[in-house]
Amino acid sequence: MNIKAIIVSGLVRCFDFKTRSNRSEFWIFYIFTQIMSIIAYQIDMFFGLQLISINLPNEDTIRIPGPAEIFILFLFVIPLIALQVRRLHDLNFSGWWLMFVFMLPTIFTVTVNPTIEQLVLFIVIIFFLYLIVMSLKSFKGDNKYGPTIK
């Protein structure tokens, strides 16, 4: 498949949580969504469409996403979750592992009561482990989620 077909496939198959998706399909769609998020951020910043900005006493600023970023988030969140589940299926893992990965920071926070620096470090480590898993080669042969994807 070419890049356009992969992006269209990612959007069309947004409610397909039962089949498989290979590495190229995952990475092309993932990079596309990240590029779109960056473009939306730039649009919000260019037009000053920041919904709210909170200045903290230590001169840090918390920025809440603007309308273009929120639109992109809602547009791509379900297709990206479905694609991640299909990618896990391609590795012969259950899609429920994705929910576990999303819950890890909460579990870590509740059980360990970390400082903000420890929590950020933990999230970064989990994210890099997630990227490594998503980069693994596909499961060879058919599995319970469908036939091998070429």
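# Briefing: five helices and two strands

Helix 2 and helix 3 are roughly antiparallel to each other, since their axes cross at roughly 170° and an angle over 145 degrees counts as roughly antiparallel. The axes of helix 2 (residues 23-47) and helix 3 (residues 67-90) come within 9 Å. By class, 15 nonpolar, 3 polar and 6 charged residues make up the contact of helix 2 with helix 3. The model is predicted, with a mean pLDDT of 90 for the protein.

**Overall layout and confidence**

- The secondary structure of the protein comes to 5 helices and 2 strands, in the order α-α-β-β-α-α-α from the N terminus on.
- The C-alpha trace spans about 55 × 40 × 20 Å along its principal axes.
- Of the 150 residues in the protein, 32% are buried.
- Among contacts between residues at least 6 apart in sequence, 62% join residues at least 24 apart.
- A pLDDT of 70 or more is reached by 97% of the residues.
- Confidence is highest in helix 3, at a mean of 94, and lowest in strand 1 (residues 52-55), at a mean of 70.

- Helix 2 has 25 residues, and its first and last C-alpha atoms are 36 Å apart, close to the 36 Å expected at 1.5 Å a residue.
- The buried residues of helix 2 are Glu25, Phe26, Phe29, Tyr30, Thr33, Ala40 and Asp44.
- An α-helix has 3.6 residues a turn, so residues three or four places apart point the same way.
- Gly48 follows helix 2 and has a positive phi, near 65°.
- The axes of helix 1 (residues 3-12) and helix 2 come within 9 Å and cross at roughly 85°.
- That angle makes helix 1 roughly perpendicular to helix 2, because angles of 65 to 115 degrees count as roughly perpendicular.
- On the helix 1 side the contact involves Ile3, Ile6, Ile7, Ser9, Gly10 and Leu11, and on the helix 2 side Ser24, Glu25, Ile28, Phe29 and Phe32.
- By class, the contact of helix 1 with helix 2 has 7 nonpolar, 3 polar and 1 charged residues.
- Glu25 and Phe29 are among the buried residues of helix 2, and both Glu25 and Phe29 meet helix 1.

- Leu119, Phe122, Ile126, Tyr130, Leu131 and Met134 are the buried residues of helix 5.
- These buried residues of helix 5 pack against helix 2, helix 3 and helix 4 (96-112).
- Helix 3 and helix 5 pack with their axes 10 Å apart, at an angle of about 60°.
- Helix 3 and helix 5 are therefore oblique to each other.
- Gln84, Arg87 and Leu88 of helix 3 and Tyr130, Val133 and Met134 of helix 5 make this contact.
- By class, the contact of helix 3 with helix 5 has 4 nonpolar, 1 polar and 1 charged residues.
- Tyr130 and Met134 are among the buried residues of helix 5, and Tyr130 and Met134 take part in the contact with helix 3.

- Met99 is placed in helix 4 and is partly exposed, with a relative accessible area of 42%.
- The C-alpha atoms of Met99 and Ile81 are separated by 9.8 Å, with the two residues 18 apart along the chain.
- Ile123 lies in helix 5 and is partly exposed, at a relative accessible area of 38%.
- Ile123 and Val101 are 22 residues apart along the chain, and their C-alpha atoms are separated by 9.9 Å.

**Positive phi in the loops**

- Most residues other than glycine have a negative phi.
- Asn92 is a residue other than glycine with a positive phi, near 70°.
- Asn92 lies in the loop between helix 3 and helix 4 and is partly exposed, with a relative accessible area of 33%.
- Asn113 is not a glycine, yet its phi is positive, about 55°.
- Asn113 is in the loop between helix 4 and helix 5 and is exposed, with a relative accessible area of 64%.

Definitions and conventions. Residues are numbered from 1 along each chain as its sequence is written. This is a predicted model: local features need pLDDT of at least 70, side-chain atom pairs count only at pLDDT 80 or more; totals for chains, interfaces and linings use all residues. Side-chain values use heavy atoms; hydrogens and water are left out. Axes are lines fitted to C-alpha atoms, for helices over the stretch in contact, and angles run from 0 to 180 degrees between N-to-C directions. Helices (H or I, at least four residues) and strands (E, at least two) are DSSP runs, numbered from the N terminus. Angles under 35 degrees count as roughly parallel, over 145 as roughly antiparallel, 65 to 115 as roughly perpendicular and the rest as oblique. Ala, Val, Leu, Ile, Met, Phe, Trp, Tyr, Cys and Pro count as nonpolar, Asp, Glu, Lys and Arg as charged, and the others, Gly among them, as polar. Buried means under 20% relative accessible area, exposed over 50%, partly exposed in between (1.4 Å probe, protein chains only). Contact means heavy atoms within 4.5 Å. pLDDT is the predictor's confidence in each residue, from 0 to 100. The expected span of a helix is 1.5 Å times one less than its number of residues.
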